[in-house]
Amino acid sequence: MANLLHISSLFHLFCLFHLVCVAKSQSFIGINYGQVADNLPAPEATAKLLQSTSIQKVRLYGSDPAIIKALANTGIGIMIGVANGDIPAMASDQNFAKGWLTTNVLPFYPASKIIVINVGNEVMSTNDQNLMANLLPAMQNMQNALNEVSIGGKIKVSTVHSMAVMKQSDPPSSGSFDPNIGDLLKGLLEFNKATGSPFAINPYPFFAYRDDPRPDTLAFCLFQPNAGRVDAGSKIKYTNMFDAQVDAIRSALNAMGFKEVEIVIAETGWPYKGDSNEVGPSIENAKAYNGNLIAHLRSMVGTPLMPGTSVDTYLFAMYDEDLKPGPTSERSFGLFKPDLTMTYDIGLSKANNQVPTPKTPMTPSPEQAPKAPMTPSSGQTPRTPVTPSSNSTGTPATPVLVPTPNTTVTPVSPKTEKSVKAGVSDAQLQANINLGILVLSQILWYPMLLHM
């Protein structure tokens, strides 16, 4: 009996260890906290809300002290940002970087878990040559300031890019960066490699669907069952746009000799509402994209070029930002409302982190979307990236992977699209994986326990 109790205790200990590993693995889920709004809840209320979820990281576009302080002692990792307008001064004056650090980091760290300082947002897509040339020196001065106070190895310095830095992303194996910014980008990547900081970028499958609004493209973008798309170069079959975009970035980094540089998804999301002439925004589609993305990340399947791991991914966004200009969709990315309730449930609550099954994705009406793909010409971007102030958020305005005529695609009919949920979801797959791990653990441990 004693042996049986001992065996039972060991097995339960192993199960507990497994659960801890699974919970810890969700550290890759982050969220963007923009502030271009006049109806946001108090930072303290947001901090409590975040603690009730599986979100482990937050990205701020500026360095609001009230938010940074509210997140103290929560264990939540914080990305903060240097405004684009501060880059020239930071590049030319080391003391400016020291002063910025003294004001925005040192009063709060380490109680507030600041993990990354992003110098600028989508700078390489601004076409501002002076700003682009000053970006690396500004990052170097920030790194030097961190080193002087002995936290250079604890807080990383990086910058966030839009997908406009990509010259080619389809097929993923041919991913490459824009040669017009090649020299500047190489310098930034050498900095990333030397300091161990991530290459942060903003892919949006939503824009890919907007530019190619066919039913099969929607299923591909929403992680729904689809025929898949074969990369003509690698012969890899991709089943979702997110993996294809991430692998295109990986291919571009590898081609430049930066295989060691980690990728971080600084923004990705899907609007739940839009104007009548906008293609794609809906509660159903937003819930499907974000919910299935989370399930995909939790599965730890990874991408074809980076299997068995999940990249840190910051969802866009915490709340709607009602003061943003542009179409309705720009103000409709929020996962939570100002009253702290969920806009829609995608399984982020710790009380229930199972991703609810999303409804069938909404396809556009014939009046809303053309049947033929709309592939932007090279260099064309869906929208101009916004340069944020210290208290603003970047808009998710990035060009994305769009299928070309050479892409292998098997179209599905609207009728087929209505039944896309007939396959196995990522959430179901993860449940099966977890069960398999537990069963396998019993098989592996049993012979060992017999000899104890």
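Analyst: The loop between β14 and β15 holds L340, strands being DSSP runs of E of at least two residues and helices runs of H or I of at least four, both numbered from the N terminus. The model is predicted, so local features need pLDDT of at least 70 and side-chain atom pairs count only at pLDDT 80 or more, while totals for chains, interfaces and linings use all residues. Residues are numbered from 1 along each chain as its sequence is written, and side-chain values use heavy atoms, with hydrogens and water left out.

L340 has a positive phi, near 75 degrees, in a residue other than glycine. With a relative accessible area of 30%, L340 is partly exposed (buried means under 20%, exposed over 50% and partly exposed in between, with a 1.4 Å probe and protein chains only). The loop between β14 (313-315) and β15 (408-409) also contains A317, and the peptide bond that leads from F316 to A317 is cis, with omega near 15 degrees.

Rings of Phe, Tyr and Trp (its six-membered ring) pair if their centres lie within 6.5 Å; planes under 30 degrees apart are stacked, over 60 edge-to-face, and the rest tilted. Across the whole structure, the search finds 13 aromatic pairs. One of them is W270 with Y289, whose centres are 5.6 Å apart and whose planes stand at 40 degrees, so the pair is tilted. Because W270 lies in the loop between β11 (263-268) and α11 (283-298) and Y289 in helix α11, the pair ties together parts 19 residues apart in sequence. W270 and Y289 are both buried.

F223 is not a glycine, yet its phi is positive, about 65 degrees. Its relative accessibility of 11% makes F223 buried.

A ring may also face a charge. The charged end of R229 sits over the ring of F220, 4.4 Å from its centre; the term requires NZ of Lys or CZ of Arg within 6 Å of the ring centre and within 35 degrees of the ring normal.

A further cis peptide bond joins Y109 and P110, with omega about 10 degrees. P110 is placed in the loop between α5 (94-104) and β4 (114-121).
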